[in-house]
Amino acid sequence: MVNLIAKTPCAGLLPKTIGTVTVTEVNAGQMTLLAPHRGQKKAVSDALKSAVGVGFPAPNRCLGTAPRAMWCGQEQALLIGAACPELAGAACVDHSDAWAIVQIDGADAVAVLARLTPLDLRATEFKRGHTARTLIGHMTGGITRLGAHSFEVMVMRSMAGTLVHDLTQAAENMAARALQGR
Amino acid sequence: MRLPCPICGERDRREFYYQGHATLLDRPAADADAGAWDDYVHNRDNPAGETRDLWHHEAGCGAWIVVTRNTVTHEVLGAVLAEKAKS
């Protein structure tokens with residue numbers, strides 16, 4: 001039988017360390033988009049909670065660690081890192097391998113992202129467990145805060161190269177400024 | 001310019017697409033006379049003051065919202081989901 005070799009979206013592009021930030025690819029495993037039918041959100045949340053341990057997230061929030069439920073649009077969320085249970089009240093679409101997800105860590109992570117997104121990333125406004133759908137350069141995507149200097153950035157897989165290019169350029173600019181200021 | 005999305009909170013204008021006046025929510029009946037359809041499709045006021053527009057939170061949650069703003073002061077006075085708004 002033919003054994004197919006899976007290629008991750010950012011294969012050959014990451015990891016990178018530039019100045020104070022490191023950019024690494026996140027292999028999220030199985031992902032499913034959940035869209036509860038009208039009036040079914042509570043029932044879907046309860047069913048999800050009993051099956052995988054996380055409920056349906058509120059807007060702009062990410063619940064759990066493994067598995068996670070990440071809000072990703074009006075009445076939509078992504079179940080990440082678990083097989084999708086039977087959910088009678090929701091439309092479920094397999095998104096495994098559909099997203100390019102990268103983690104950016106380091107002291108300048110906020111400064112680097114601030115060059116690419118109009119989102120308010122201040123720690124008082126955008127806290128750990130907060131997620132947002134927003135612009136990343138010219139792309140629409142998602143940003144999730146993992147820690148004080150740690151974020152996850154995701155775009156559709158077809159834009160993996162552009163995402164890495166944009167993050168690299170922003171990080172190189174920040175690193176160059178740090179050198180100049182020395 | 002920042003717009004207060006009812007779902008996402010205050011966000012940059014770049015995340016939104018502008019559609020036009022909220023009149024668009026008030027579609028005439030299919031058998032309405034030509035005058036009503038002419039008004040719906042073509043005729044708009046050009047107010048100096050408060051106006052209500054439809055915006056799409058294109059790069060965010062995907063919601064259509066009705067934003068109330070002032071064309072003279074550029075003040076943004078509020079926003080509601082289009083599905084809950086009466087034009």
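In this predicted model, A:D97 counts as exposed because its relative accessibility is 57%, over the 50% cut-off. A:D97 sits in the loop between β7 (90–94) and β8 (99–106) of chain A, and its phi is near 70 degrees, a positive value in a residue other than glycine. Most residues other than glycine have a negative phi, and most peptide bonds are trans.

**Backbone geometry in chain A**

- A:N60 also has a positive phi, near 65 degrees, although this residue is not a glycine.
- The position of A:N60 is the loop between α1 (41–52) and β4 of chain A.
- A:N60 counts as buried because its relative accessibility is 8%, which falls under the 20% cut-off.
- A cis peptide bond joins A:L14 to A:P15, with omega near 5 degrees.
- A:P15 belongs to the segment before β1 (16–18) of chain A.
- Another cis peptide bond runs from A:A66 to A:P67, and its omega is near 0 degrees.
- A:P67 is placed in the loop between β4 (62–63) and β5 of chain A.

**Cysteines**

- A disulfide is a covalent bond between the sulfur atoms of two cysteines.
- Over all chains, the structure holds zero disulfides.
- A:C10 takes part in no disulfide, since the nearest cysteine sulfur, that of A:C72, is 18 Å away and a disulfide requires sulfur atoms within 2.5 Å.
- A:C10 is buried, with a relative accessible area of 0%.
- A:C72 is likewise in no disulfide, and the cysteine sulfur nearest to that of A:C72 belongs to A:C62, 10 Å away.
- A:C72 has a relative accessibility of 10% and therefore counts as buried.

**Helix α3 of chain A**

- Helix α3 (residues 160–180) of chain A contains 21 residues.
- From its first C-alpha to its last, α3 of chain A reaches 30 Å, close to the 30 Å expected at 1.5 Å a residue.
- An α-helix has 3.6 residues a turn, so residues three or four places apart point the same way.
- The buried residues of α3(A) include A:A160, A:L163, A:V164, A:L167, A:A170, A:A171 and A:M174.
- A:D166 and A:T168 are also among the buried residues of α3(A).

**The cavity**

- A search of the whole structure finds one cavity of 30 Å³ or more.
- The largest cavity has a volume of about 50 Å³.
- Its lining is formed by A:M70, A:W71, A:C72, A:L78, A:W99, A:T131, A:A132, A:R133, A:G142 and A:M154.
- The elements that give two or more residues to this lining are β5 (68–73) and β9 (131–136) of chain A.
- By class, the residues lining the largest cavity divide into seven nonpolar, two polar and one charged.
- Domain 1 (16–28 + 97–180) and domain 2 (31–94) of chain A each supply at least three residues to the lining of the largest cavity.

**The pockets**

- The largest pocket has a volume of about 340 Å³.
- Of the 16 residues that line the largest pocket, A:R38, A:K41, A:Q74, A:E75 and B:E83 lie nearest its centre.
- The lining of the largest pocket has seven nonpolar, four polar and five charged residues.
- The second largest pocket has a volume of about 260 Å³.
- This second largest pocket is lined by 16 residues, and A:E125, A:F126, B:C8, B:E10 and B:R11 are those nearest its centre.
- Two or more residues of that lining come from each of β9 of chain A and β2 (9–12) of chain B.
- β2(B) gives the most to the lining of the second largest pocket, namely three residues.
- The lining of the second largest pocket comprises six nonpolar, four polar and six charged residues.
- The second largest pocket lies between domain 1 (16–28 + 97–180) and domain 2 (31–94) of chain A, because both give residues to its lining.

**Chain B**

- Chain B has one helix and six strands.
- Along the sequence, these elements of chain B follow the pattern β-β-β-α-β-β-β.
- Taken along the principal axes, the C-alpha atoms of chain B fill a box of roughly 40 × 30 × 20 Å.
- Chain B has 87 residues, of which 36% count as buried.

Key. Residues numbered from 1 in each chain as written. Chains lettered and ligands numbered in written order. Predicted model: local features only at pLDDT ≥ 70, side-chain atom pairs only at ≥ 80, totals over all residues. Heavy atoms only, no water. 1 Å grid on protein atoms, 1.4 Å probe; cavity = no way out; pocket = protein on both sides within 12 Å on 5 of 7 lines; lining within 4 Å. Points joined across faces, edges and corners; volume = space filled by probe spheres on them. Helix = DSSP H or I, 4+ residues; strand = E, 2+ residues; numbered from the N terminus. Nonpolar A, V, L, I, M, F, W, Y, C, P; charged D, E, K, R; others polar. Domains from an automatic or database assignment. Buried < 20%, exposed > 50% of the residue type's maximum accessible area, 1.4 Å probe, protein only. Expected span 1.5 Å × (residues − 1).
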